[in-house]
Amino acid sequence: MNRLEEFEMTEALRPWIREAQNGSTEAVEFILEQFHPLICKHSRKNRHHYDSMDEARSTAHLAIIDCIHAFDLNSDEDASRAFNRTIQSWFRRESRQNQVYWARVEKNIAGEDEATDLPPIIDELAPDPHHYMDFVGLRDALELHLSRLSERERRFLHLRYAADMTLAAIAALHGLSASQVCKVIKGAEHKLKSAMTAQEYKDISP
């Protein structure tokens with residue numbers, strides 16, 4: 001795409017970006033469709049960091065939405081370059097986070113005498129490897145219960161708490177109302193709470 005084409009695309013997208021920033025679901029969907037080839041390109045390139053192609057595409061979608069709300073309509077910034085840069089940034093960040101996370105897990109459960117670099121809250125709650133293994137067990141139990149939720153429930157929980165998206169932003173991404181999104185999230189939270197409570201009761205029962 002040459003500079004003239006980039007300029008023309010940016011000018012064509014400006015009203016859609018403005019509408020999306022004002023909460024239009026249709027505008028968000030239109031912009032996602034315009035960048036579908038770019039989303040597919042980066043999702044395929046970064047597929048190996050995820051359990052599925054859908055997860056990779058979700059990251060690209062979140063990047064697009066992030067760029068929509070951050071885009072300065074009063075600037076001369078080229079939209080296609082801004083969206084491409086944001087998608088690349090999101091994938092680099094997630095890749096780096098995954099690598100650091102697993103490196104730290106391996107280090108911190110390697111041996112009792114080795115120094116750790118656990119996050120402060122884990123250092124306080126589990127200062128020795130045995131306690132840390134209890135924490136890992138709790139995490140694994142939670143992951144098991146999460147796997148029993150529907151794909152939509154898991155996705156909405158991830159967007160709300162891991163990606164720190166608002167209910168309105170999640171709703172715009174999926175063509176729903178904020179109240180519908182809230183209902184799904186509350187239902188998923190109730191399922192998790194019930195499952196974890198039942199597991200805890202089972203563990204302490206004779």
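This is a predicted model: local features need pLDDT of at least 70, side-chain atom pairs count only at pLDDT 80 or more; totals for chains, interfaces and linings use all residues.
1. The crossing of helix 8 and helix 9 is right-handed, a word used when the near helix is turned clockwise from the far one by less than a right angle, left-handed being the term if the turn is anticlockwise. Helix 8 covers residues 151-162 and helix 9 covers residues 167-174, and the two pack at an angle of about 135° with their axes 9 Å apart. That makes helix 8 oblique to helix 9, given that angles under 35 degrees count as roughly parallel, over 145 as roughly antiparallel, 65 to 115 as roughly perpendicular and the rest as oblique. The axes themselves are lines fitted to C-alpha atoms, for helices over the stretch in contact, and the angles run from 0 to 180 degrees between N-to-C directions.

2. Which residues in helix 8 meet helix 9? They are R155, F156, L159 and R160, and on the side of helix 9 they meet L167, I170, L173 and H174, where contact means heavy atoms within 4.5 Å.

3. Residues are numbered from 1 along each chain as its sequence is written, and side-chain values use heavy atoms, with hydrogens and water left out.

4. As for the overall make-up, the protein has ten helices and zero strands, these being DSSP runs numbered from the N terminus (H or I and at least four residues for helices, E and at least two for strands). Buried residues make up 35% of the 206 residues in the protein, where buried means under 20% relative accessible area, exposed over 50% and partly exposed in between, with a 1.4 Å probe and protein chains only. Among contacts between residues at least 6 apart in sequence, 57% join residues at least 24 apart.

5. Helix 4 (residues 53-70) packs with helix 2 (residues 25-34), their axes coming within 11 Å and crossing at roughly 120°. That makes helix 2 oblique to helix 4, and the crossing of helix 2 and helix 4 is right-handed. In this contact V28, I31 and L32 in helix 2 meet H61, I64, I65 and I68 in helix 4, and the residues divide into six nonpolar, one polar and no charged.

6. Helix 4 also packs with helix 3 (residues 36-45), where the axes come within 9 Å and cross at roughly 130°. That makes helix 3 oblique to helix 4, and the crossing of helix 3 and helix 4 is right-handed. From helix 3, I39, S43 and R44 meet M53, A56, R57, A60, H61 and I64 in helix 4, a contact with five nonpolar, two polar and two charged residues.

7. The C-alpha atoms of I65 and Q21, which are 44 residues apart along the chain, are separated by 9.4 Å.

8. H42 is found in helix 3 and counts as buried at 4% relative accessibility. Apart from its neighbours within four places in sequence, H42 is in contact with N84, I87, Q88 and F91. I87 lies in helix 5 (residues 79-108) and counts as buried at 0% relative accessibility; with neighbours within four places again left aside, I87 is in contact with L38, H42, A60, A63 and I64. Between I87 and A60, which are 27 residues apart along the chain, the C-alpha atoms are separated by 5.7 Å.

9. T25, found in helix 2, is buried with a relative accessible area of 17%, and T25 touches A172 and G175, not counting residues up to four places away in sequence. The structure holds zero disulfides, a disulfide being a pair of cysteine sulfur atoms within 2.5 Å. C67 is buried, with a relative accessible area of 5%, whereas C182 counts as partly exposed at 28% relative accessibility.

Terms used:
Ala, Val, Leu, Ile, Met, Phe, Trp, Tyr, Cys and Pro count as nonpolar, Asp, Glu, Lys and Arg as charged, and the others, Gly among them, as polar.
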